[in-house]
Amino acid sequence: MASQKEARTPVHHVARLSGQLRCQVPNEEEAREGGAAPEVATLGSEADGAGADGLWELPVEPAERRPECSRCSRPLKVCLCPFLPVHPLHISTNLYIIQHPAEESKVLRTVPLLAACLPQEKCKVKIGRRFSEERDPELTAVCRKSGTLILYPGAEATNLEEFIIDSPIYPSTIIIIDGTWSQAKDIFFKNSLFRLPKQVQLKTNISSQYVIRMQPTNNCLSTLECAAVALSILEKKNSIQEILLRPLQALCSFQLQHGAQIRRSKEHLLKNGLYPKPMPKNKRKLRKMELLMNSVKI
């Protein structure tokens, strides 16, 4: 899928060779003092230059990728399958994950763990920034169904638990956007398709257990955690949340045992004077930081 790149000599090799070439080129004083010396230096630099050109043609061995588990997508040495359910969970809800392309390459992403816990036909991942009827007719049809919800917080969003009580049609599908908060916001607002389903949000006081990645506020949840809470509500089974969170807990525990640090939320750091970066000069960004400090939802 990724395009093949031209072989390149490592940068430090090139820098060293360039330094040698510069040292062997005489300055003006050396040229005036010596007769034959400048000629020797020039010949030497030409020879080294030819050698440097030849290095560009040497093959570069690609970095070997560690073998991955076909189920949890983790390297085999740190496979998390023992923490997954023996069989995929039986659910009636269809889950669509809209994943920002930048998330696909991240090592500690949670979507592969989520997908490994659910039946393939019930959990579909769509990767991209922009979606339309022409590009994805299937997703368009899903968004137009009356039983489809999209999980995205905001002033127009309804609490999921309250919605399923009052809704005449019980939801059959839920869409969740996977990415950073700025990436999710970009996907939601720049795709009119995602404003067709009913917008819902989670009203929960639980803190994220995804402690190896910084969240904006204390109540922000990872994609896996959002799906775990939403599915447990829609399926009316609290055990679903516990089962889906198990591999995430194992992932974080393993990373912390091997040098990772607990990442406090930006809200926590700001409130306790621990935020390591200077406050932004941009007024809009500064306003967001002030809202975080005062625990105002943004």
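Between which two elements does the loop with R213 lie? R213 sits in the loop that links β6 (198-201) to α9 (223-234). Helices (H or I, at least four residues) and strands (E, at least two) are DSSP runs, numbered from the N terminus.

This is a predicted model, in which local features need pLDDT of at least 70 and side-chain atom pairs count only at pLDDT 80 or more, while totals for chains, interfaces and linings use all residues. Residues are numbered from 1 along each chain as its sequence is written, and side-chain values use heavy atoms, with hydrogens and water left out.

**The chain as a whole**

The protein chain has 12 helices and 6 strands. Of its 298 residues, 38% count as buried. Buried means under 20% relative accessible area, exposed over 50%, and partly exposed in between (1.4 Å probe, protein chains only). The protein chain exposes about 18,800 Å². Carbon and sulfur atoms supply 53% of that area. Accessible areas come from the Shrake-Rupley method with a 1.4 Å probe; for residues, only the protein chains shown count as cover. Take the contacts (heavy atoms within 4.5 Å) between residues at least 6 apart in sequence: 71% of them join residues at least 24 apart.

**R213 and E103**

R213 counts as partly exposed because its relative accessibility is 25%. E103 lies in helix α4 (residues 101-104). E103 is buried, with a relative accessible area of 2%. The two side chains make a polar contact at 2.8 Å. A polar contact is a pair of N or O atoms within 3.5 Å; within protein, one must be able to donate a hydrogen and the other to accept it, and residues adjacent in sequence count only if both atoms are side-chain atoms.

Not counting residues up to four places away in sequence, R213 touches E103, K106, T180 and R263. With the same exclusion, E103 touches R109, D178, G179, T180, Q183 and R213.

**Strand β5**

Is β5 buried or exposed? In strand β5 (residues 173-178), 6 of the 6 residues are buried, so the strand is largely enclosed by the rest of the structure. In a regular strand the side chains alternate between the two faces of the sheet. Here T173, I175 and I177 are buried on one side, and I174, I176 and D178 on the other.

| Partner of β5 | Sense | Bridges |
|---|---|---|
| β1 (residues 94-99) | parallel | 6 bridges |
| β3 (residues 148-151) | parallel | 4 bridges |

L95 stands opposite I174 in β5. I150 stands opposite I175.

**Nonpolar cores**

A nonpolar core is a set of buried Ala, Val, Leu, Ile, Met, Phe, Trp, Tyr and Cys residues joined through side-chain atoms within 4.5 Å. The largest has 44 residues, of which L95, L114, L118, L160, L202 and L244 touch the most other members. Elements giving two or more residues to this core include β1, β3, β5 and α9. α9 gives the most, with 9 residues.

Leaving aside neighbours within four places in sequence, L202 is in contact with L151, N159, L160, L221, C226, V229, A230 and I233. Another core, of 15 residues, lies apart from the largest one; among its members are C143, Y152, I177 and A184.

Definitions and conventions
Pairing = 2+ DSSP bridges.
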